[in-house]
Amino acid sequence: MSEARSTHLWRPYTQMKHAAPPLEAVATTGTRIRLADGRELVDGIASWWTAVHGYNHPHIAGAVAAQLAAMPHIMFGGLTHASAERLAARLAALLPGDLDHVFFSDSGSVAVEVALKMAAQLWINRGVAGRTKVLAFRGGYHGDTMGAMSVCDPEEGMHRRFGAWLPEQIFCDLPRTEAETNTLDAALTHNRDRLAALIVEPLVQGAGGMLMHPPEVLARIATLARRNGLPLIVDEIFTGFGRTGTMFACEQAGIVPDIVCLSKALTGGTLTLAATVARTEIFSAFWSDDPAAALMHGPTFMANPLACAAANASLDLFEREPRLEQARAIESRLTDGLADLRGLPGVADVRVLGAIGCLQFANTPDLAALKERLVARGVWVRPFGDILYLTPALSIEAADLTRLIDAVTDTVREEA
Ligand code: PLP
């Protein structure tokens, strides 16, 4: 690691004073990462769950190369282009119900900000004052920008030190039990005139600790939101594009959210792009003769043509290759492979949903040492807190998945 590199780069979620130098990656192929020292690692987390088709898929690379030659970028204010038009139509067709109105931006956090602004302005445009709060769920994670941080878990979340800076929101537990359902119902009724929306991660609270809930819980939230006349924002940034075994997690609950946030695997993990997609009833509140009723948001790189080309190519791959079947096959491999760890003294829990496998330690281990031992076994995973998780590419080869599971189970057995 050169002096210049370690001096100038400020790394994510990292105490720069003590952190070991990061490993230097020089190339990717399939679901592997090659390091500068020549080692090759099987990627167990698909670059923060984005690279669902593995890296360097020739179909995506070709589409991006063609777009780069034709038009790498064009501002989206007053101009449009075929890649964005096609992608918006395809997303509308894939999403359930009348989720037909697609607003592009450039990262997951911004997609959440846009969703919160849509919810806020919806009520302003309807002439209803005072609805300035969002109901969010404990354990949730929605991103690192100010609005997104305000709806992350208020106590355990990594953003708690910014509390004084953030808009105060209303938090409830996910309604897993009857008592929790009653509490949520009461919170909604009590705060209805102050609330603009609810926001939830469907089926799995990802960065909050890979906490999973059954589809009925999501369906319950949707019912309560509807009964109280509140829009439901479903953050599919982690779950979207096959991660839970269906294209979108909300499908498993049979619900049509009012607003959906997408990013990460939208481009197959190749370029940064996000979408906030609204139902017609939401969009209609902005459809007006009043210029001030327009949605006042417009990131410079929104609908970037390269990213839209990558996303269209990624959707082609979902049509041509059996990604959802692969996700479900990974689910059974993870279920079988991690089962033996359940009951070990140092293991508090093992959870699997779709192509997400997670084990929770009874106590927080030495994360750096754990990661090092896994790297020594030829796999790349990034444990956090008391969690070690796998979110491999949906296209991962059976042998690589076996290597991942074996490395994790052997290492955890030694640790536990
Ligand atoms: N929402 C969810 C559910 C996420 O998992 C993430 C990122 O992990 C985000 C929002 C934020 O996305 P980004 O890191 O692209 O801003």
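Axes are lines fitted to C-alpha atoms, for helices over the stretch in contact, and angles run from 0 to 180 degrees between N-to-C directions. The structure is a predicted model, in which local features need pLDDT of at least 70 and side-chain atom pairs count only at pLDDT 80 or more, whereas totals for chains, interfaces and linings use all residues. Residue numbers start from 1 along each chain, following its sequence as written.

**View 1. Helices H12 and H13 and the crossing between them.** Helix H12 (residues 367–376) and helix H13 (residues 398–415) have axes that come within 10 Å and cross at roughly 135 degrees; helices (H or I, at least four residues) and strands (E, at least two) are DSSP runs, numbered from the N terminus. H12 is therefore oblique to H13, given that angles under 35 degrees count as roughly parallel, over 145 as roughly antiparallel, 65 to 115 as roughly perpendicular and the rest as oblique. The crossing in which H12 passes H13 is right-handed (a crossing is left-handed if the near helix is turned anticlockwise from the far one by less than a right angle, and right-handed if clockwise). H12 contributes Leu 370, Arg 373 and Leu 374 to the contact, and H13 contributes Ala 407, Thr 411 and Glu 415, where two residues are in contact if their C-beta atoms, placed from the backbone, lie within 7 Å. By class, the contact of H12 with H13 has three nonpolar, one polar and two charged residues; Ala, Val, Leu, Ile, Met, Phe, Trp, Tyr, Cys and Pro count as nonpolar, Asp, Glu, Lys and Arg as charged, and the others, Gly among them, as polar.

**View 2. The open sheet of four strands, S1-S2-S3-S15.** Pairing in this sheet is mixed, and two strands pair if DSSP finds at least two bridges between them. Strand S1 (25–29) and S15 stand at the edges with a single partner strand each, so one side of each is left without a neighbour in the sheet. S1 and S2 pair in the antiparallel sense over four bridges, and Ala 27 has Arg 34 in S2 as its bridge partner. Strand S2 (residues 32–35) is joined to strand S3 (residues 40–43) by three bridges, and the two run antiparallel; here the bridge partner of Arg 34 is Glu 40 in S3. S2 and S3 form a hairpin with four residues between them, and Gly 38 in the turn has a positive phi of about 95 degrees. S3 and strand S15 (residues 379–380) run parallel and are joined by two bridges, with Val 42 standing opposite Val 379 in S15.

**View 3. The open sheet of seven strands, in the order S4-S12-S11-S10-S7-S5-S6.** This sheet also has a stated pairing, which is mixed. Strand S4 (99–105) and strand S6 (170–172) stand at the edges, each with a single partner strand, so one side of each is left without a neighbour in the sheet. From one strand to the next, the twist averages 20 degrees. Strand S7 (residues 195–200) and strand S10 (residues 232–235) run parallel and are joined by three bridges, and Leu 198 stands opposite Leu 232 in S10. Helix H5 (residues 108–125) lies across S4, strand S5 (133–137), S7, S10, strand S11 (259–262) and strand S12 (274–279), running at about 25 degrees to S12, while helix H8 (residues 215–227) lies across S7 and S10 and runs at about 170 degrees to S7.

**View 4. The packing of helix H3 against helix H10.** Helix H3 (residues 58–70) and helix H10 (residues 305–320) pack at an angle of about 150 degrees, with their axes 8 Å apart, and H3 and H10 are therefore roughly antiparallel to each other. H3 passes H10 in a right-handed crossing. Residues of the contact include His 59, Ile 60 and Ala 63 of H3 and Pro 305, Leu 306 and Ala 309 of H10. The contact of H3 with H10 divides into 10 nonpolar, four polar and one charged residue.

**View 5. The meeting of domain 1 and domain 2.** The protein is divided into domain 1 (3–53 + 323–415) and domain 2 (58–320), with domain bounds that come from an automatic or database domain assignment. The centres of the two domains, taken over C-alpha atoms, are separated by 27 Å, and 24 residues of domain 1 are in contact with 20 residues of domain 2. On the side of domain 1 that touches domain 2, the largest share, five residues, comes from H11. By class, that side of domain 1 has 14 nonpolar, six polar and four charged residues.
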